[in-house]
Amino acid sequence: MKTLLLMRHAKSAWGDSRLADHDRPLNARGENAAKAMAERLARAPHRPGLILCSTAARARQTLAPLVDLLATPAPPIVLEKGLYLASKDALLSRLRDLDDQVAAVLLIGHNDGIWHLAQALAGHGQPARLAALHQKFPTGALAVLQFETGHWADLAAGRATLVEFVRPRELVRADG
């Protein structure tokens with residue numbers, strides 16, 4: 001069985017027009033959401049054996065609180081420029097190339113690629129959870145997908161079960 005954790009970076013700041021999109025940091029709401037999601041991930045039974053993260057500042061800042069909470073030794077972390085604004089197909093291609101020794105991977109990236117990939121892969125699961133995923137993949141959200149396969153190369157549309165779909169608003173107070 002393979003487990004894929006797809007996470008969209010937390011809410012970013014738009015205040016500095018001098019910054020390139022790649023360099024935009026998280027805003028205060030995003031920092032709170034990243035911390036809350038990190039705490040949730042650190043307690044979750046779905047422990048990644050590998051973390052793939054976009055090189056964008058907001059994605060790396062979303063990852064940072066989780067790194068602080070992971071027990072030693074932390075899983076390998078790979079920062080990849082190719083994940084920045086990657087399409088669904090590019091993300092799927094990257095995942096299919098993973099070493100089969102890795103049972104679970106966390107991928108932190110961007111919309112629309114993360115959302116479209118989650119929608120395409122999730123063929124089974126609780127109807128309300130699937131409906132929420134198809135409606136919106138908000139910043140900071142996490143989709144946990146499980147596949148009845150031993151090979152990452154076998155990932156395909158509709159083959160996954162959506163085990164969890166967690167949005168930051170479920171974990172963070174509205175004024176936080």
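Guide: Contact here means heavy atoms within 4.5 Å, and helices (H or I, at least four residues) and strands (E, at least two) are DSSP runs numbered from the N terminus. This is a predicted model, in which local features need pLDDT of at least 70, side-chain atom pairs count only at pLDDT 80 or more, and totals for chains, interfaces and linings use all residues. Residues are numbered from 1 along each chain as its sequence is written, and side-chain values use heavy atoms, with hydrogens and water left out.

Visitor: What do the buried residues of α1 pack against?

Guide: They pack against β1 (2-8), α2 (57-69), β4 (104-109), β6 (142-147) and β7 (160-166). Buried means under 20% relative accessible area, with a 1.4 Å probe and protein chains only; in α1 that covers Gly30, Ala33, Ala34, Ala36, Met37, Ala38 and Leu41.

Visitor: How do you know what helix α1 should span?

Guide: The expected span is 1.5 Å times one less than the number of residues. Helix α1 (residues 28-43) has 16 residues, so it should span 22 Å, and its end C-alpha atoms are 23 Å apart, which agrees.

Visitor: What makes α1 parallel or oblique to α2?

Guide: Their axes, lines fitted to C-alpha atoms over the stretch in contact, are 8 Å apart and meet at an angle of about 40°, on a scale from 0 to 180 degrees between N-to-C directions. Angles under 35 degrees are roughly parallel, over 145 roughly antiparallel, 65 to 115 roughly perpendicular and the rest oblique, so α1 is oblique to α2. Ala34, Lys35, Ala38, Glu39, Leu41 and Ala42 of α1 make the contact with Gln61, Thr62, Pro65, Leu66 and Leu69 of α2. By class, that is 7 nonpolar, 2 polar and 2 charged residues.

Visitor: And how are α3 and α4 placed relative to each other?

Guide: Helix α3 (residues 88-96) and helix α4 (residues 113-121) pack at about 70°, with axes 8 Å apart, and therefore they are roughly perpendicular. Lys88, Leu91, Leu92 and Leu95 of α3 meet Gly113, Ile114, His116, Leu117, Ala120 and Leu121 of α4. This contact has 7 nonpolar, 2 polar and 1 charged residues.

Visitor: Why does alanine 103 count as it does, given its relative accessibility?

Guide: Exposed means over 50%, and partly exposed lies between that and the buried cut-off. Alanine 103 is at 43%, so it counts as partly exposed. You will find this residue in the loop between α3 and β4. Leaving aside neighbours within four places in sequence, alanine 103 is in contact with Met1, Lys2, Thr3 and Trp152. The C-alpha atoms of alanine 103 and leucine 50 are separated by 8.6 Å, though the two are 53 residues apart along the chain.

Conventions
Ala, Val, Leu, Ile, Met, Phe, Trp, Tyr, Cys and Pro count as nonpolar, Asp, Glu, Lys and Arg as charged, and the others, Gly among them, as polar.
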